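Me: I have a model open and want to learn how to read it. Can you take me through it feature by feature?

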Protein chains: 2
Amino acid sequence: MPLIVQKYGGSSVATSEKLRHVAERVRETRGTGADMVVVVSAPGDMTDDLIARAREITPTPPARELDMLMAVGEQVSIALLSMCLHTLGEEAISLTGSQVRILTDGVHTKARVLEVDRRRLDEELARGRIVVVAGFQGVTPDHEITTLGRGGSDLSAVALASALGAEACEIYTDVNGVYTADPRIVPEAQKLDRLSYDEMLEMASSGAVVLQTRSVEYAKSYGVRLHVRSTWAREAGTIVEEAPEVERNRLVTGVTHDTDVARMTISNVPDLPGIAHRLFSAMADRHINVDMIVQTASRDGRADISFTCTKADAAGAQEAIRAVTREIGSGDVTAAEGVAKVSIVGAGMASHPGVAASMFGALAAAGINIQMISTSEIKVSCIVSSEDVQKAVRAVHRAFNLDALR
Amino acid sequence: MPLIVQKYGGSSVATSEKLRHVAERVRETRGTGADMVVVVSAPGDMTDDLIARAREITPTPPARELDMLMAVGEQVSIALLSMCLHTLGEEAISLTGSQVRILTDGVHTKARVLEVDRRRLDEELARGRIVVVAGFQGVTPDHEITTLGRGGSDLSAVALASALGAEACEIYTDVNGVYTADPRIVPEAQKLDRLSYDEMLEMASSGAVVLQTRSVEYAKSYGVRLHVRSTWAREAGTIVEEAPEVERNRLVTGVTHDTDVARMTISNVPDLPGIAHRLFSAMADRHINVDMIVQTASRDGRADISFTCTKADAAGAQEAIRAVTREIGSGDVTAAEGVAKVSIVGAGMASHPGVAASMFGALAAAGINIQMISTSEIKVSCIVSSEDVQKAVRAVHRAFNLDALR
């Protein structure tokens, strides 16, 4: 019998009615004769509510205890979904990450999956049961409960699909798939039928929230083909897989945007070897993820360095840098909010010069000022004023003819 | 170092402020140099809320999945209390029932404790940590999550105290201890300083909700001395222990009442051997707990049988009986609500005749009609109209001079 892994996100299991709908969909797939493992997230806002309760007690809860707390959300979902499946006459059993033994390292709140133990899963599947597994959570070899970071249920699904050699790994969400741009901003945005892992990675890391970045990395490493589709619709969604021919044929795959951006500038940095290293390791030590980095040309042995990070990390980044600016004798660091990032992603652009220039042209034609630029093999990102972000996404989407895709 | 087990109930951990207060109390005891294991219940109404969510899906959720669901409440409490202790600078670690390995049988929603594994507890205590353990939950040898029934956190505390040979087992609650009657009904009710296990058992099973009945049985079996006291006050509470001299000196220890009572009557039951057995095993098969049973004298080979059960069990009891009445050819079963049970408990009454008569006299003098009577070695219970319950408790309390106790 083929084995199918399905993952349902938090909004798909937020209410009893939605859970019943999910159970019906699971039952339908089950009816085709497939063995099934279903991964679920915590219902609705439960994880955020739990984190808020922790913050009522302390702004810095110990990570181990935060994991103990956050893990309950998914446990609620698996129990309720199992009950729904029982009411439909299906044999189902819920299992926590600990019960499955989704083994992780001990880095609480962002643990890495080391191994998935197949034994309990195989046992339950052999009994003909639908296995409902708590996403987002794992367990260390010492029985400590861990969680896999924001969106970690995607990773749970991919890891389970890989360990079990599943036929399909379906990620159910509120949207029909991955789009060329956010349809709320660009009504003409087109659903993509296929996407390569690398394209999906760049899109996820530049603002498309449909899949957790790490789950895509894992899927790529282990060759797990993903199907991103809607909980509420029948149509096929977007396939994410190794797809060299797709990549070649497409210049630009999509336009993404991210408004959770703070731009920081350090002025008058001495232009000496090792200075950048000291600045950015100070931030790495604090686990601050720096995204774009731009250094101006040196003038009188001094340069300005700008970088971006999330708004939540801005204060920490400032602190980290101020400790170092004193040592290296640079000017102060200033933070600018009110900025956003607009990116184009496309595996084809590596072999097509002029793609970045076309993007800059589209933005200029729309009267939008570019504050920072960074490019990779398959991505170009521009920082613009957050007031301009919708206009920018639409202009770029139009410039690359993405509304005419297919 | 002495080891102290403390248990805090749901209302003691319902809010962040209350949790902070509990953490302060734990810290204080810790400050005396004691090793500490702290057992907590789910916050406030969380368990009821979770059960309500399950009932939204199905009136009869599978017991295994209900346990999976209900166990999350205590997991929330242990994580939050641990965080509170950390903010006070205490080294604390939370452990689920599975992590401790509080081993139980597999009877979901009312599992029995088989054994408590000391290893992880000893390890954490040896590291100087305060161990915060989730009450109410256990795990089977097959890693299935179980719960110990309503009020099961009391049992968790007693089982841990017994396994670890604790110096003291303190049960913290909203009241100052065990009273001669419910102080909300009898303002003159007196706190009892000491109580025997058997008295506590009879009081718990006849309506005093301060301790779970099974936890008292367990404490009696393993000789665990309990101290029931208030989370919010300093004064000593009530000690529950083996206390023969206390028992002898006290005729009546307390008056309890229970309004969660339904009275069922089966009319015209053939007065033949085996009939009662068939009726009551039909209910036992459905796990319906029958409390008082009274059979009238036979008239023309027929008798009426009345019994009481909880209101929640009334419908199930009726169904169970109707299946049998058809077979045995008795009359129908009728259910009367609007009744309540008033009991007196006292180990001394076994050797003092006339105690029951005094109770009946007190009720008669107050103009209260008795609908059913049942007696045990150390308890007399009367069913009265629920309208009369407060008057009945006050009259009996006064008759036995309990307001003048000490």
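Reply: We go through symmetry, interface, domains, helix packing and strands. This is a predicted model: local features need pLDDT of at least 70, side-chain atom pairs count only at pLDDT 80 or more, and totals for chains, interfaces and linings use all residues. Residues are numbered from 1 along each chain as its sequence is written, chains are lettered from A and ligands numbered from 1 in the order in which they are written.

Me: What rotation and shift superpose chain B on chain A?

Reply: Two copies of a chain are related by a rotation about an axis and a shift along it. Here the rotation is 179 degrees and the shift along the axis 0.0 Å, with an RMSD of 0.2 Å. The two copies are thus related as by a two-fold rotation axis. In chain B, V72(B) has the C-alpha nearest the axis, 2.8 Å from it.

Me: How many residues of chain B are in contact with chain A?

Reply: Contact requires C-beta atoms, placed from the backbone, within 7 Å. By that rule, 27 residues of chain B meet 27 residues of chain A. α4(B) gives the largest share of chain B's side, 11 residues. Helices are DSSP runs of H or I, at least four residues, and strands runs of E, at least two, numbered from the N terminus. By class, chain B's side has 14 nonpolar, 10 polar and three charged residues. Ala, Val, Leu, Ile, Met, Phe, Trp, Tyr, Cys and Pro count as nonpolar; Asp, Glu, Lys and Arg as charged; the others, Gly among them, as polar. The same surface serves both copies: 100% of the contact residues of chain B recur in chain A.

Me: Which domains is chain A divided into?

Reply: Domain bounds come from an automatic or database assignment. Chain A has domain 1 (3-174) and domain 2 (255-404). Their C-alpha centres lie 36 Å apart.

Me: Which residues make the contact between α2(A) and α4(A)?

Reply: M46(A), T47(A) and L50(A) of α2(A) meet V72(A), G73(A) and V76(A) of α4(A). Four of the contact residues are nonpolar, two polar and none charged.

Me: In what sense do β13(A) and β15(A) pair?

Reply: Strands pair if DSSP finds at least two bridges between them. β13(A) (254-270) and β15(A) (302-309) are antiparallel, over seven bridges. P270(A) stands opposite R302(A). β14(A) (293-295) also pairs with β15(A) in the antiparallel sense, over three bridges. There, V294(A) faces S306(A). Six residues lie between the strands of this hairpin, and D300(A) takes a positive phi near 55 degrees.

Terms used:
Contact = placed C-beta atoms within 7 Å. Least-squares fit on C-alpha atoms with pLDDT ≥ 70 in both.
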